Amino acid sequence: MAVETTTYTSLGPAADERDEEKLRFIDEMTANADAVQKKVLAEILSRNAETEYLQRYNLGGATDRATFKAKIPMVTYEDLQPEIQRIANGDRSPILSAYPISEFLTSSGTSAGERKLMPTIKEELDRRQLLYSLLTPVMNLYVRGLDKGKALYFYFVKSETRTPGGLLARPVLTSYYKSEHFKSRPYDPYNVITSPTPAILCADSFQSMYVQMLCGLLHRLQVLRVGAVFASGLLRAIRFLQLHWGELARDIAAGSLSPKITDPSVRDSVADVLKPNTELAEFIRAECSTGEWAGIVTRMWPNTKYLDVIVTGAMAQYIPTLEYYSGGLPMACTMYASSECYFGLNLRPMCKPSEVSYTIMPNMAYFEFLPLDLAAGGACQGEELVDLARVEVGKEYELVITTYAGLYRYRVGDILRVTSFHNAAPQFRFVRRKNVLLSIESDKTDEAELQKAVERASELLEPWNATVVEYTSHASTKSIPGHYVVYWELLVKESTGEGRMPSGEVMGRCCLAMEEALNSVYRQSRVADGSIGALEIRVVRGGTFEELMDYAISRGASINQYKVPRCVNFPPILDLLDSRVVSTHFSPTLPTWSPHRAT
Ligand code: AMP
């Protein structure tokens, strides 16, 4: 039996020596946040001094903050597009980074409708791995005994492509799951997952999910935590169970895998664990056939201590649904990361979702913060950026990063609020992502994209002499998968005898036209993952948007400044819109999507 040690760190007593080392590392990094940041910046600037990008700004070999801040501009993805395109086309010269770009990580943020391409270098995998290695020691401070069971995590890879110059382009988690860091990870009793690696690596999302769920069921009594990266992923898994429990139970009763699972390595991966088990099959049938899904997580996996899933930011909309399915289990949001860079972790992972703050680890990159009031003003060049250790509690900032892989003063687009400090390192609440109107899972649709989609679709109304006079939208997550709902008020010139109400078939085509006009992340979720449902247009009767304005004015909005909100979430307004609906329409088919980039 392991002897419990009580070695105190600023975070609490470490469970064992290995944890102690990691917790001490967090202590050291957070206590010396400013010094670590200074060192990180000097390292990034000195190793990349000869890159074309830094040469352009005449740093003259300087690696100090003052020179960096005076000479290097703050940039967005669009500013870097020429350099990124050259790297994608095969230019191997040191453009952004002195170290070879090993691949591109495709972000769920898009530019001109396509995923952004984030350059990365090999050693970034080690940095990400380091951040992952801190999560368990922190969790062990709050939940003991995780080494006595397993984790049921639903992990998926997405498709990958090659750029014209031959570099791989894929999401950061796909890159991680396919890396030796993940595939050949040493046995760790605290991180035994039920999903076989071949199932995680299977690109067919049905086969992958099926086998991950099957293994979760086979190990149901050993499962101590259930999770996915984001809340939407976990809900997709629950939905999968609702749809496929019959087949899963049949396989478990027979001890043989459904012929729908065709990938040989996936089939092999369950050969040893799938044995006829009629008792378990009967249990699954009894629980699932009632049609009662409240608390299904704890009924299926009764020893689950918490859900490991991100429910901050856009994912907060799923908290009530997850509470319903899990019977109110705690939800642990453990880390904050992106394709550009992994940022940090939650040092109190068992806190309530509304209280989650992430501590940015100062060793991951060089971090700066653009005060939000200045960001709103527009024309700032970066002189006003605040360093990590100097942000102020209560203030909101936009995150700006300088990475080892060659992004310099890059605006990530996340808005964070400082809640407190741990040692000398600030802790941040994730407030929102800039310019995101609609999001169901990793998709991020902004106002301009929605506007373009409405314009495209409304072209189909021309022969009917009808126009969209007003519109708004809502990300509906009442059913899983969630879907976009767009409310349209139409003007049909019926009185002049010229126009007619468009037919249901045309309205269906309008839904599809909107989907075709949305970005590739949206379409991939629709087509490859099935994680977003068909787009819906709800036609509201004439005058509805005027009523909306009246309502806003009655609540204090200024009549001169009133603008139609392009997305609504406030329940009374949704109720008002829904009570005026005259017809509803859905996309009749899937939009087009291919893993290959359009640009
Ligand atoms: P991607 O570029 O696709 O890798 O997505 C990264 C983005 O996801 C971040 O910039 C955030 O906007 C969002 N994100 C990542 N982790 C979290 C988190 N823990 N809470 C809220 N949003 C997050």
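**Arg-409 and its loop.** I began at the loop between β16 (396-402) and β17 (410-422), where Arg-409 lies. I looked up the backbone angle there and found phi of Arg-409 near 55°, a positive value in a residue other than glycine. I note here that the model is a predicted one, so every value in these entries is computed from predicted coordinates.

**A cis peptide bond.** I next looked up the bond between Ile-480 and Pro-481, which is a cis peptide bond with omega at about 0°.

**The mixed sheet.** I traced 4 strands in an open sheet, in the order β19-β20-β21-β22, and recorded the pairing as mixed. At the edges I found β19 (466-476) and β22 (581-586), each pairing on one side only, and from one strand to the next I read an average twist of 25°. I then followed strand β21 (residues 536-540) to β22, with which it pairs in the antiparallel sense over 5 bridges; in this pairing Glu-536 has Phe-586 of β22 as its bridge partner. I also looked for what lies against the sheet, and noted helix α17 (residues 447-458) across β19 and β20 (483-492), running at about 135° to β19.

**The parallel sheet.** I turned to another open sheet, in which 4 strands follow the order β5-β8-β9-β10 with parallel pairing. The edge strands here are β5 (150-154) and β10 (331-332), and each pairs on one side only. Between β5 and strand β8 (residues 223-230), which run parallel, I recorded 5 bridges, and I saw that Leu-152 stands opposite Val-226 in β8. Helix α11 lies across β5, β8 and β9 (306-310), and I noted its course at about 120° to β8.

I wrote down the division of the protein into domain 1 (17-100 + 364-433), domain 2 (144-159 + 172-304) and domain 3 (438-586). For domain 2 and domain 3, I found the C-alpha centres 37 Å apart, with 7 residues from domain 2 and 8 residues from domain 3 taking part in the contact. I looked up the area that these two domains bury between them, which is about 680 Å², with 49% of it on carbon and sulfur atoms. On the side of domain 2, I noted Lys-158, Ser-232 and Arg-236 as the residues that lose the most area to domain 3, together 60% of what that side buries.

I then asked which interactions cross this interface, and counted 2 salt bridges between domain 2 and domain 3. I looked up the pair Glu-441 and Lys-158, which form a salt bridge with their closest N and O atoms 4.0 Å apart. Helix α11 (residues 231-254) supplies 4 residues, the largest share of the side of domain 2 that touches domain 3. I also recorded 4 residue pairs in polar contact across the interface of domain 2 and domain 3.

**Salt bridges overall.** My last entry concerns the salt bridges of the model, for which the count comes to 39. I looked up the side chains of Glu-20 and Arg-24, which meet in a salt bridge at 3.2 Å, N to O. I found both Glu-20 and Arg-24 in helix α1 (residues 17-31), 4 residues apart, which is about one turn of the helix.

Terms used. Residues are numbered from 1 along each chain as its sequence is written. This is a predicted model: local features need pLDDT of at least 70, side-chain atom pairs count only at pLDDT 80 or more; totals for chains, interfaces and linings use all residues. Side-chain values use heavy atoms; hydrogens and water are left out. Two strands pair if DSSP finds at least two bridges between them. Helices (H or I, at least four residues) and strands (E, at least two) are DSSP runs, numbered from the N terminus. Axes are lines fitted to C-alpha atoms, for helices over the stretch in contact, and angles run from 0 to 180 degrees between N-to-C directions. Contact means heavy atoms within 4.5 Å. Domain bounds come from an automatic or database domain assignment. Buried area is the accessible area (1.4 Å probe) that two parts lose on being put together, summed over both. A polar contact is a pair of N or O atoms within 3.5 Å; within protein, one must be able to donate a hydrogen and the other to accept it, and residues adjacent in sequence count only if both atoms are side-chain atoms.
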